[in-house]
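Here are my notebook entries from an afternoon of looking things up.

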Amino acid sequence: MAVIKLSEAKVNFIKEVCKSYGNKPGEVINVLHKVQGEYGYLPAEVQELVAKELGIPVSRVYGIVSFYSFFTMTPKGEHPISVCLGTACYVRGAEKVLDELKRQLGINVGEVTPDGKFSLTCLRCVGACGLAPVIEVGDKVYGRMTPDRVKDVLAEYK
Amino acid sequence: MINVTIDNKQIQVPEGTTILKAARMAGIHIPTLCYFELAGMKFENKPGGCRVCVVEVTKDFNGRPRRNLAPACATDCVEGMEVLTHSARVINARRTVVELILSDHPADCLTCAKSGNCELQSLAQYLGIREVPFKGEQSHYRQDMSPSIVRDMDKCVMCRRCENMCNNVQTVGALSAINRGFSAVVAPAFEQDLVDSPCVMCGQCVQVCPVGALSEVDDTRNVMAAINNPKKTVIVNTAPATRVALGEEFGMPAGTIVTGQMAAALRRLGFDYVFDTDFAADLTIMEEGTELLGRIKKFMAGDKSVRLPILTSCCPGWVNFFEHNFPDMLDVPSTAKSPMQMFGAVAKNYWAEKMGIKREDLVVVSIMPCLAKKYESKRKEFYKDGNPDIDYVLTTRELARLIKQFNLNLKDMPSEDYDDPLGESTGAAVIFGATGGVIEAATRTAYEVFTGKPLPKIDFTELRGIEGIRDAWVDFDGTPIHIGIAHGLSNARKLLERVREGKEQFHAIEVMACPGGCVGGAGQPYHHGNSEIIKKRTEAIYREDAGKPIRKSHENPSIKKIYEEYFGEPCSHKSHELLHTHYFDKSEHVEISE
């Protein structure tokens, strides 16, 4: 007997989300979207429970989670940092900004700092090309980024 | 009907026919790789992914040629269509496609388990590919080995037959395509090992895999080592379905019965005693049939706590399936062990005692049409003091390989008998190999025990057939008995759900995991989608039964003797100890952690 261990609040939330979509297998992407929106990531236990509630194999849920880059199984930091690597940002030096972030945080893309404060991801274009290069920390957008400014931006959250 | 012209041949086909099927109707061969059909078993795989079957549409619905080549397996014919299946352009494209597939394939055909049976190898030969012009990155995944199945995903061509089989035909759901682009692979959830997934080890994924990505665990070396060890007494037992399929590996037509030749070959390999799983199948009928009658009698006496229908428990893939998917019904299946495990228990207790052989000096080998049997033999409840009842399981394919290694040809073998006493069997035991056979065998015995009268007719043709779910009422001299049959696990799931919801009532249900029953087992010679082969094997099973002098399990003299000498009566204390088992809940449960 395999056991899925989750807190009561999580179990109730996930069951509620599945129910709001009529526990339909076809709604699995919407369900995962909503659950990730709440918890920031989709650990194995959560996928197991979603599969169980929608009556589909967990291999299929994992197939979807691993296919779409939007879904992630790594927890996000308290302040998730996204670096835009779209064309405009890229040609204006986004990669150097990214390298500096990696250096100062001591993590790679897709990872979280050991204290859980920051996580680092890349994305393509946030629609603010006029401000390129752009990074986001949480919901806040920082434009015209340079490697020199990284330290100051991070200091705002420490 | 619509008119199409394929390779200048005019034919009429029903609307909705693919170019591939139309070509086959016209006797034109279009090579395929990912495409797979098991006619009559409701299994068709046509992801249109490999592009090996591309054809040139020289006249499309609009009267003009189609610009791109079209995949024949996934393109429907339209009125007036003209198609070339082997133009220079097509052959060129087909070669490039296969060369590209080969550029990400480990070319280790010399030691590959599928060599000689590999559809990619055949294609490369057919297209005359002598070198792979494309060099680039290659996929690397860790190998995974369950007790039954080896996964070597470096060889996967992403045809997704296994995924389709696992999810749609079997509804097991262990495998799914995961990741994307170049790193896409078919794997269990979270890339865990098969053994930790809901895999039931039926092995149908292995049976349909076109390449060496999925294959059986090879136990031939272990068996040879045991035979070479002078301290060991090595005995063998052969499952019903192996005798109607082994011949195919030696060029005999499907449906050739090779029982006697197989026994002779096994003796030449050096087995000390050659026994028959069929003996244990007769024993299974005695135990399971008695259990069935016991439950029916209690039920008729008004005991509402009785669990009906009784479910057969011979098929280890099925046992795994209900342990994973029907944990609320674990007390419904018969507690009788499978014939193979009964054989092991009898051999290592009754027979070993009789012969004065120590348990640890006796090696029991099974020849099975099945991959799940390899796993079953390793279940811990079938061990005693660290020693298993069945030491090794070889598939029909592995046995064929061994026989060839010994420079023997089954065709030249004389027909020999099995050894006594664990080699004597009836026609009822043979039919265990085909869907509906176990329940027919049980019915033959249960009828006579229940009514006290001889059977008016031995053949219950109403229980035979190839439909995925069947049911029949059998008249037990005034008492109607409702029997259900399912083969293929999606059918089993449907039938069981109907029972669980109370929509239908049965007294007994037989389930076999593999399409067609054991004749279509994953350890049998590869059928490459030709369901005629499975039909021929089934017919042979019933021919073998019809030719047997005794056709009811309870009339087997060796069975009568073993009850007199050892077990007393069916479902006695002693038989419960050795011939019955119990089941485990393997489903996922949610537990509150904080």
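**Entry 1: strands across the two chains.** I began with the rule that two strands pair if DSSP finds at least two bridges between them. I also noted that helices (H or I, at least four residues) and strands (E, at least two) are DSSP runs, numbered from the N terminus. With that, I looked up strand E1 (residues 2–6) of chain A and found that it pairs with E23(B) in the parallel sense over five bridges. I picked out Ile4(A), and its bridge partner in E23(B) is Val590(B).

**Entry 2: what I am looking at.** This is a predicted model, in which local features need pLDDT of at least 70 and side-chain atom pairs count only at pLDDT 80 or more, while totals for chains, interfaces and linings use all residues. Residues are numbered from 1 along each chain as its sequence is written, and chains are lettered from A and ligands numbered from 1 in the order in which they are written.

**Entry 3: where the chains touch.** How many residues does each chain bring to the contact? I got 23 residues from chain B and 21 residues from chain A, where two residues are in contact if their C-beta atoms, placed from the backbone, lie within 7 Å. On the chain B side, strand E10 (176–178) and strand E23 (588–592) each supply at least two residues. E23(B) gives the largest share of that side, five residues. I sorted the chain B side by class and wrote down ten nonpolar, seven polar and six charged residues. For the classes, Ala, Val, Leu, Ile, Met, Phe, Trp, Tyr, Cys and Pro count as nonpolar, Asp, Glu, Lys and Arg as charged, and the others, Gly among them, as polar.

**Entry 4: chain A by itself.** I found seven helices and five strands in chain A. Read along the sequence, the pattern is β-α-α-α-α-β-α-α-β-β-β-α. The C-alpha atoms of chain A fill a box of roughly 55 × 30 × 20 Å along the principal axes. Chain A splits into domain 1 (8–67) and domain 2 (79–155), with bounds from an automatic or database domain assignment. The C-alpha centres of these two domains of chain A are 29 Å apart.

**Entry 5: chain B by itself.** Chain B has 18 helices and 23 strands. Its radius of gyration is 25 Å, close to the 25 Å that the globule rule gives for 594 residues, so chain B is as compact as a globular protein of that length. The radius is taken over C-alpha atoms, and the rule is 2.2 Å times the number of residues to the power 0.38. In chain B, 51% of the residues count as buried. I listed domain 1 (2–86), domain 2 (99–216) and domain 3 (221–579) of chain B. The C-alpha centres of domains 1 and 3 of chain B lie 43 Å apart, and seven residues of domain 1 are in contact with six of domain 3.

**Entry 6: one helix.** Last, I checked helix H16 (residues 531–546) of chain B. Among its buried residues are Ile533(B), Ile534(B) and Tyr542(B). What covers the buried residues of H16(B) includes helix H7 (259–269) and helix H14 (437–451) of chain B.

Key. Expected span 1.5 Å × (residues − 1). Buried ≥ 20, exposed ≤ 12 C-beta atoms within 10 Å, placed from the backbone.
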